[in-house]
Protein chains: 2
Amino acid sequence: MAAGEAGNGRGITLDAVARVAGVSRATVSRVVNGNPKVGDEAKRQVERAIERLGYIPNPAARSLVTRRSDSIGVVIPEPPGMLFGDPFFPRLLRGISAELSARNLQLVLLMPQAPDEEPRVERYLAAGHVDGALLVSLHGDDSLPAALAARGLPVVVGGRPPGGEGVSYVDVDNVGGAKSAVAHLIRAGRRVIATIGGPPDMSAGIDRLEGYRQGLAAGGLAPDAALEAAADFTQEGGAEAMRRILAGRPDVDGVFAASDLMAAGALQVLREAGRRVPEDVSIVGFDDSSIAATAEPPLTSVRQPIEEMGREMVRLLLEQASRPGSVPRKVILSTQLVRRRSSEGGPKR
Amino acid sequence: MAAGEAGNGRGITLDAVARVAGVSRATVSRVVNGNPKVGDEAKRQVERAIERLGYIPNPAARSLVTRRSDSIGVVIPEPPGMLFGDPFFPRLLRGISAELSARNLQLVLLMPQAPDEEPRVERYLAAGHVDGALLVSLHGDDSLPAALAARGLPVVVGGRPPGGEGVSYVDVDNVGGAKSAVAHLIRAGRRVIATIGGPPDMSAGIDRLEGYRQGLAAGGLAPDAALEAAADFTQEGGAEAMRRILAGRPDVDGVFAASDLMAAGALQVLREAGRRVPEDVSIVGFDDSSIAATAEPPLTSVRQPIEEMGREMVRLLLEQASRPGSVPRKVILSTQLVRRRSSEGGPKR
DNA sequence: GTAGATCGTGAGAGCGCTCTCACGACGTGC
DNA sequence: GCACGTCGTGAGAGCGCTCTCACGATCTAC
């Protein structure tokens, strides 16, 4: 053994193992890949040789012939403010990673930080570096899913794609979650319920607004444009929206914010305006992020199963990869209302 | 062209391009890799052919011969509570990703979620899938850095490695940051300053405690064991620690918490105990996470340059990869105190 | 006892690329 | 006019692996 060459896998090839074990390369390959057509004795010899040499298969060589990379790409473009404010990301990645490693697959993370990096990402994914791609948090009418699908790469999107259909996706039940938040406020005796919505060009924003409206309708309350204010998922935006609502409808007694961060902003503005939460105004957020628990008062919020979303995306992707040309599927995960003090009050009735 | 074969790079090889361009494979390879020794005419022809065929080089084949993968691994073990509470991660990844993509390198994310997954990670990294590895948030005396280094893989650790030296790392100036926080409290007129420390087996915990002690000493204050309570970086732990401190030293008038989350817990306990912040007690956190700005009152906190840390880790790694066998280096990034209301008060003097 | 199936094994042909080396076509210096 | 670089190009040898195919040995069925 050459000097400086520790007993690791560097430089040890299939061939070396075969020689030591006294068998052919093919047999070693079979053992390594779990092919059952190998005699017990040969298998033992090979395993011993692998152990002794510290052999580790060269992934590039393998990938070259199998045409698989055993890794998948996860694309997360520059998040639109929202995603960096709370641990959405880490949790999603955790779910994805858990599901992948259970299948011995690797995760290649791509974070294009400017629109001009997208071609690079597309190129990378199309080159065969990955066996499939997971796309999250797309803005506007991103063409990436379609472009990749056209190239034959299995793709699954996280969150309902703005562009619409033609691609598999996993989303949480934004409509249902928002609806349940409003129902909760109505149950608490609130009658003038406003919403601070997300960006109108993001499906999470659109769907939560839709759920709010459905919730009002279900409770027999009339919609009012003055009770709807759109923001950008940030705290500052939420505060601003709350001010607009207070100006238009000073009699507001319930607020559903499409994110906890916006709810926190609203909380601040309400406090400054002399409204007590939850005595005068009840408030419900969305995400159940860490800020919901630490806010004063703690925020009632709609929890999303983020890890599960990551897991499900992987499952869907692999399903798609195993049967090419299958129709796109969608999976909607249900949300759950987490009650905290911000919606406890309400009029005695 | 066979049916179903869209005009993409799949199946298009160097050879095909060479034939179309009327040159040899070697020449095409030169053009693709930017080798200057190619005639103008040939170059033009090749570029046209590449464009026309939509050729994308096969990464596996390339990697097989170059022995580089052009990607690096980022290992993030199951975070010890702390890291999921705030956007440390996404920001770090963003910094890493930015620096990598500027160099056309890819990021392979590995998140071993249980100790038994570590061998898998080590194996993966050692197999040559990556050209180097970045390790963050190691617990205890993780053997991974040493194991990888022994295999000849360039490694850089984020945060001072608990095991100690022998490996390059990037860290923030935890000692200096803590010290400046304490100095700030002293300047505000506080004299009975407690600390809520992090886990004593993590370097961030150890170093911030050290900084706290240095800060006291610099201000001429005597240390007191009853003023030091260790916790686990969580809000609950911070609350618990604050209770212990109040029990032992009811006269406490300043608190330095080694994380914002713990500071938030302390805030809650102080409020319940009838102490006003910042009038009666000043409090300073660490991290300057989103929770610092949303807390009531907003928390003064020590900001860490997280993105920059990611960037610097990449630079260090590449430096190391370019000169194998060079001595381990460390880079310490400075922190910055962000003043908010939680430390505004203080006695008039 | 023979034809046929079954089983473990090895030989060898690639996968698509890079890179060394050799070679012919020029230019340059004396 | 000849030896000597220089420059662009092509031929071809691998990189380390998988996988098909052929082959001899052993087993089953009649």
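A residue is near a molecule or strand if its C-beta atom, placed from the backbone, lies within 6 Å of it. By this criterion, 27 residues surround DNA strand C, and the closest are A:Gly39, A:Ala42, B:Leu14, B:Ser29 and B:Ala61.

The model is predicted: local features need pLDDT of at least 70, side-chain atom pairs count only at pLDDT 80 or more, and totals for chains, interfaces and linings use all residues. Residues are numbered from 1 along each chain as its sequence is written, while chains are lettered from A and ligands numbered from 1 in the order in which they are written.

Helices (H or I, at least four residues) and strands (E, at least two) are DSSP runs, numbered from the N terminus. The elements that give two or more residues to the surface near DNA strand C are α2, α3 (40–53) and α4 of chain A, together with α1 (14–21), α2 and α4 of chain B. Among these elements, α4(B) gives the most, with five residues.

DNA strand D likewise has 27 residues around it, of which A:Leu14, A:Ser29, A:Ala61, B:Gly39 and B:Ala42 come nearest. Two or more residues of this surface come from each of α1 (14–21), α2 (25–32) and α4 (59–66) of chain A, and from each of α2 (25–32), α3 (40–53) and α4 (59–66) of chain B. The largest share, five residues, belongs to α4(A).

The table below gives the residue classes of both surfaces. Ala, Val, Leu, Ile, Met, Phe, Trp, Tyr, Cys and Pro count as nonpolar, Asp, Glu, Lys and Arg as charged, and the others, Gly among them, as polar.

| Surface | Nonpolar | Polar | Charged |
|---|---|---|---|
| Near DNA strand C | 13 nonpolar residues | eight polar residues | six charged residues |
| Near DNA strand D | 13 nonpolar residues | eight polar residues | six charged residues |

**A helix pair in chain A**

Two of the helices named above, α1(A) and α2(A), have axes that come within 8 Å and cross at roughly 105°. Axes are lines fitted to C-alpha atoms, for helices over the stretch in contact, and angles run from 0 to 180 degrees between N-to-C directions. The two helices α1(A) and α2(A) are therefore roughly perpendicular to each other, a term that covers angles of 65 to 115 degrees. Contact between two residues requires that their C-beta atoms, placed from the backbone, lie within 7 Å. On the α1(A) side, A:Leu14, A:Asp15, A:Val17, A:Ala18 and A:Ala21 meet A:Arg25, A:Thr27, A:Val28 and A:Ser29 of α2(A). This contact comprises five nonpolar, two polar and two charged residues.

**How the chains meet**

Between the two chains, 45 residues of chain B are in contact with 46 residues of chain A. On chain B, at least two residues of the touching side are supplied by each of α4, α5 (82–85), α6 (88–102), β2 (106–110), α7 (118–129) and α13 (290–294). Helix α6(B) gives the most to this side, with seven residues. By class, the side of chain B that touches chain A holds 23 nonpolar, 15 polar and seven charged residues.

Strand β2 (residues 106–110) of chain A runs antiparallel to β2(B), and three bridges join them. Within this pairing, A:Leu107 stands opposite B:Leu109. Strands count as paired if DSSP finds at least two bridges between them.

Chain B can be laid on chain A with an RMSD of 0.1 Å by a turn of 180° and a shift of 0.0 Å along the axis. That is the relation of a two-fold axis, with copies superposed by least squares on the C-alpha atoms of residues with pLDDT of at least 70 in both. Moreover, 100% of the interface residues of chain B are also interface residues in chain A, so the copies meet through the same surface.

**The six-stranded sheets**

In chain A, six strands form an open sheet with mixed pairing, in the order β7-β6-β8-β9-β10-β12. Its edge strands are β7 (228–230) and β12 (336–338), each pairing on one side only. Neighbouring strands are turned by 20° against each other on average, direction ignored. Strands β8 (residues 254–257) and β9 (residues 282–287) of chain A run parallel and are joined by three bridges, and A:Phe256 stands opposite A:Val284 in β9(A). Helix α12 (residues 260–272) of chain A packs on the sheet, touching β6 (193–197), β8, β9 and β10 (300–303), and its direction makes about 155° with that of β9(A).

Chain B has an open sheet of six strands in the order β7-β6-β8-β9-β10-β12, with mixed pairing.

Notes. Parallel < 35°, antiparallel > 145°, perpendicular 65-115°, else oblique.
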